[in-house]
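Reader: Please take one part of this model and go through it closely, from the fold down to single residues. I would like the cut-off behind each term, given where the term is used.

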Amino acid sequence: MKSYAVGIDLGGTKILTALVERQTGEVIASVKKKTKKEKGPLNIVQKMKDAVEELFEETSVNKEQVSSIGIGAAGQIDRANGILIGAPNLDCYDLNIRDLIMSHFEIPVYLGNDVEIATIGEMKFGAAKGCDDFVCVFVGTGVGSAIVKNGEIIRGATGTAGEIGHIIVDLNGRPCACGAHGCLEAYASRSAIEKRIEGALKKGRHSVILDYLEPGKSITSGMIRKSIEREDELVTACVDEASDYLSGGIASIINFVNPKLVVLGGGLIEAVDYFYKNTIKKAKAKSLPVPASKIEFKKAALGDFSGVVGAAFLEDRKL
Ligand SMILES: [Zn+2]
């Protein structure tokens, strides 16, 4: 009986793999590795293979009991052919991940993207369990989103629907990595907040975040939380600004899609409750009265594991 699947969350900094019991969504074992994209795409593939082998070694589960390996990658993907088309955060282009992993394990392999797997995880066992009509918004290095209608993720004509990070919130605004100007991601992501804080520090503004910052290291969500707890003026202002923009983006989605529920996740949301609470309060206030009267907000419930749990269910989706 094949009651397990392997889920892999392939991100720019880490590769998280897990052996998941498909009935309950329980993570039986997990292995984490650093991505180290500078070593090249084949090294990333090798690390995924090693991590999956370690999962089998750590548990009494063998590959005959595993129905599939699901991989969610941070990038543009060709679902039908299992190809990672372009992933700047991984430095991988036109990489046939599916065949490379499948030929090694002889288990069916399915490829999705990182937002898709986290959304599937939250839908099956997390904050959106039992809800078939919702939007997930994940705030991290970027801002990602997925729209679920009737229990299915809406893909759009080219499979790229849900790019909330690139809705334009300021016509003549900040440049975005996508080439446009004024995208939400350039205002509301953790990286955007970091840039604002760093810019102000360079200009000589004081902040208690300096107590946590080590030279050469970047600002973490934890440092942001601690600074807000100490009522730091600069960090609070930067987070408030991000929340103003994010709530505007979410209000637009509420008006446009009219979902029952908005699930918010990602490192910054999980670590900084102040950011989460203010964002949902403002989003509700900015939405039209009728959709706002019914909307519900929840924090993602599976944390780091939402992606790997969701990836274990990629085999069930329609292509
Ligand atoms: Zn953009």
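Author: What follows starts from the domain division, moves to a sheet and its helices, and ends with single residues and another set of helices.

The model is a predicted one, in which local features need pLDDT of at least 70 and side-chain atom pairs count only at pLDDT 80 or more, while totals for chains, interfaces and linings use all residues. Residue numbers run from 1 along each chain as its sequence is written.

The protein chain falls into domain 1 (4–121 + 305–316) and domain 2 (129–300); these bounds come from an automatic or database domain assignment. Taken over C-alpha atoms, the centres of domain 1 and domain 2 are 26 Å apart. Seven residues of domain 1 and 12 residues of domain 2 take part in the contact between them, where two residues are in contact if their C-beta atoms, placed from the backbone, lie within 7 Å. On the domain 1 side, helix α3 (residues 114–125) gives the largest share, four residues. Helices here are DSSP runs of H or I with at least four residues, strands are runs of E with at least two, and both are numbered from the N terminus. By class, this side of domain 1 has two nonpolar, three polar and two charged residues. In that scheme Ala, Val, Leu, Ile, Met, Phe, Trp, Tyr, Cys and Pro are nonpolar, Asp, Glu, Lys and Arg are charged, and the others, Gly among them, are polar.

Next comes the sheet. Five strands form an open sheet in the order β3-β2-β1-β4-β8, with mixed pairing; two strands pair if DSSP finds at least two bridges between them. β3 (27–34) and β8 (109–113) are the edge strands, each pairing on one side only. Neighbouring strands of this sheet are turned against each other by 15 degrees on average, direction ignored. Strand β1 (residues 4–10) and strand β4 (residues 66–73) run parallel and are joined by six bridges. Leucine 10 stands opposite alanine 73 in β4.

Helix α1 (residues 41–58) lies across β1, β2 (14–21), β3 and β4, at about 35 degrees to β2. Axes are lines fitted to C-alpha atoms, for helices over the stretch in contact, and angles run from 0 to 180 degrees between N-to-C directions. α1 also packs with helix α2 (residues 97–105), at an angle of about 40 degrees and with axes 11 Å apart. The crossing of α1 and α2 is right-handed; the term applies if the near helix is turned clockwise from the far one by less than a right angle, and left-handed applies if it is turned anticlockwise. α1 brings Val45, Met48, Lys49 and Val52 to the contact, and α2 brings Ile97, Leu100, Ile101, His104 and Phe105. This contact of α1 with α2 has seven nonpolar, one polar and one charged residues.

Two residues deserve a separate look. Isoleucine 77 lies in strand β5 (residues 76–78). Isoleucine 77 is classed as buried because 26 other C-beta atoms lie within 10 Å; the class buried needs 20 or more, exposed means 12 or fewer, and partly exposed is in between, with C-beta atoms placed from the backbone and the distance limit of 10 Å throughout. Leaving aside neighbours within four places in sequence, isoleucine 77 is in contact with Ile83, Leu84, Ile85, Leu111, Gly112 and Asn113. Glutamate 106 sits in the loop between α2 and β8. Its phi is positive, about 55 degrees, although glutamate 106 is not a glycine. With 8 other C-beta atoms within 10 Å, glutamate 106 is exposed.

Glutamate 231, which is not a glycine, has a phi near 55 degrees and lies in the loop between α6 (221–229) and α7. Glutamate 231 is exposed, with 9 other C-beta atoms within 10 Å. The axes of α6 and α7 come within 8 Å and cross at roughly 115 degrees, in a left-handed crossing. Ile224, Ser227 and Ile228 of α6 meet Val235, Thr236 and Val239 of α7. The axes of helix α5 (residues 190–202) and helix α7 (residues 233–257) come within 10 Å and cross at roughly 145 degrees, and this crossing is right-handed.
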